[in-house]
Amino acid sequence: MSEISRITLSALDAIEARRAIKHFDPEFTLSKDEIEKLAALAAKAPTSFNIQHYRFVAVTDKALKAQLQEAAYGQPQVVEASVVFIIASDLKAWSRDPARYWRNTPPMVQEQLVQAITGYYEGRDETQRDDALLSAGMAAQTLMLAAKALGYDSCPMRGFDFARVAKLVNLPADHVIAMMIAIGRGTEPAHVRPGPLPLSELLKINHF
């Protein structure tokens with residue numbers, strides 16, 4: 001049975017088990033099909049107006065990963081992991097033929113939504129960036145949970161030179177990087193959770 005044909009953990013178990021893993025088995029390799037499966041699952045994440053701002057650059061080339069490691073201040077997971085996903089967003093996704101985001105709906109609905117999309121984003125650079133990064137964040141979490149459910153480990157990363165990484169992967173100027181995520185088979189367990197806050201501090205009912 002292939003890795004991608006079976007779910008090894010339930011959604012709830014994946015949420016409980018997912019941790020940021022810093023060391024991976026460099027001999028373990030995810031197949032192209034497995035990488036595509038992870039990206040397809042991540043692309044189920046919700047987005048404003050169904051714009052699907054997120055873009056995934058899956059880096060498997062060893063030489064390029066070595067360059068990414070330099071941009072990430074030498075962090076070992078970049079070269080040890082099977083694949084490094086660069087999670088980016090298209091800041092102008094809202095303007096790129098927005099009718100296609102609603103192509104399975106009646107023409108009247110498409111027209112109404114395209115008008116709403118244009119009215120909401122046009123001339124609002126901060127909103128464009130906020131929503132693009134929000135979409136990327138939701139896709140990133142979905143990707144990590146999907147990886148854990150399929151039996152892989154992951155490590156989200158923002159400790160790197162964003163401009164250099166963007167240049168290394170030829171990121172278009174109107175795209176923005178949210179984070180990198182290293183995925184593979186971990187070789188060391190995560191440390192004990194260092195300081196989880198009590199739910200009473202995090203959760204308020206009805207009012208803060």
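## Surface and overall dimensions

In this predicted model, the chain has an accessible surface of about 11,800 Å², and carbon and sulfur atoms account for 56% of that area. Of the 208 residues of the chain, 38% count as buried.

Along its principal axes, the C-alpha trace spans about 55 × 45 × 35 Å.

## Order of the elements

The chain holds 8 helices and 4 strands, and, read from the N terminus, these elements follow the order α-α-β-α-α-β-α-α-β-α-β-α. Among the contacts in the chain with a separation of 6 or more, 80% are made by residues 24 or more positions apart.

## The nonpolar cores

The largest nonpolar core has 22 residues, and those with the most contacts inside it are Ile86, Val165 and Met180. At least two residues of this core come from each of helix 3 (62-71), strand 2, strand 3 (153-157), helix 7 (162-168) and strand 4 (175-184). Apart from this core lies another, of 21 residues, which includes Ala39, Val83, Ala147 and Met179.

When neighbours within four places in sequence are left aside, isoleucine 86 is in contact with Arg55, Phe56, Val57, Val59, Leu68, Val165, Val169, Ile177, Met179 and Met180. Two of the residues that this list contains, Val165 and Met180, are also named with Ile86 as having the most contacts inside the largest core.

## Valine 84 in strand 2

Valine 84 has its place in strand 2 and, at 0% relative accessibility, counts as buried. With neighbours within four places in sequence set aside, the contacts of valine 84 are Val57, Ala58, Val59, Lys65, Leu68, Val78, Met180, Ile181 and Ala182.

## Aromatic pairs

The count of aromatic pairs comes to 7. In one of them, the ring centres of tryptophan 94 and tyrosine 121 are 6.2 Å apart and the planes stand at 25°, so this pair is stacked, given that planes under 30 degrees apart count as stacked. The pair links distant parts of the chain, since tryptophan 94 belongs to the loop between strand 2 (83-90) and helix 5 (107-121), whereas tyrosine 121 is in helix 5, 27 residues apart. Both tryptophan 94 and tyrosine 121 are buried.

Tyrosine 121 also forms an edge-to-face pair with tyrosine 120, at 4.9 Å centre to centre and with 85° between the planes. How does burial compare for these two tyrosines, buried or partly exposed? Tyrosine 121 has a relative accessibility of 1% and counts as buried, while tyrosine 120, with a relative accessible area of 32%, is partly exposed. Ring pairs join Phe49, Trp94, Tyr120 and Tyr121 into a cluster.

## Charges over rings

Arginine 124 lies over the face of tyrosine 120, 4.8 Å from the ring centre. Lysine 204 has its charged end over the ring of phenylalanine 208, at 5.7 Å from the centre of that ring.

Definitions and conventions: Residues are numbered from 1 along each chain as its sequence is written. This is a predicted model: local features need pLDDT of at least 70, side-chain atom pairs count only at pLDDT 80 or more; totals for chains, interfaces and linings use all residues. Side-chain values use heavy atoms; hydrogens and water are left out. Rings of Phe, Tyr and Trp (its six-membered ring) pair if their centres lie within 6.5 Å; planes under 30 degrees apart count as stacked, over 60 as edge-to-face and the rest as tilted. Buried means under 20% relative accessible area, exposed over 50%, partly exposed in between (1.4 Å probe, protein chains only). A charge sits over a ring if NZ of Lys or CZ of Arg is within 6 Å of the ring centre and within 35 degrees of the ring normal. A nonpolar core is a set of buried Ala, Val, Leu, Ile, Met, Phe, Trp, Tyr and Cys residues joined through side-chain atoms within 4.5 Å. Contact means heavy atoms within 4.5 Å. Accessible areas come from the Shrake-Rupley method with a 1.4 Å probe; for residues, only the protein chains shown count as cover.
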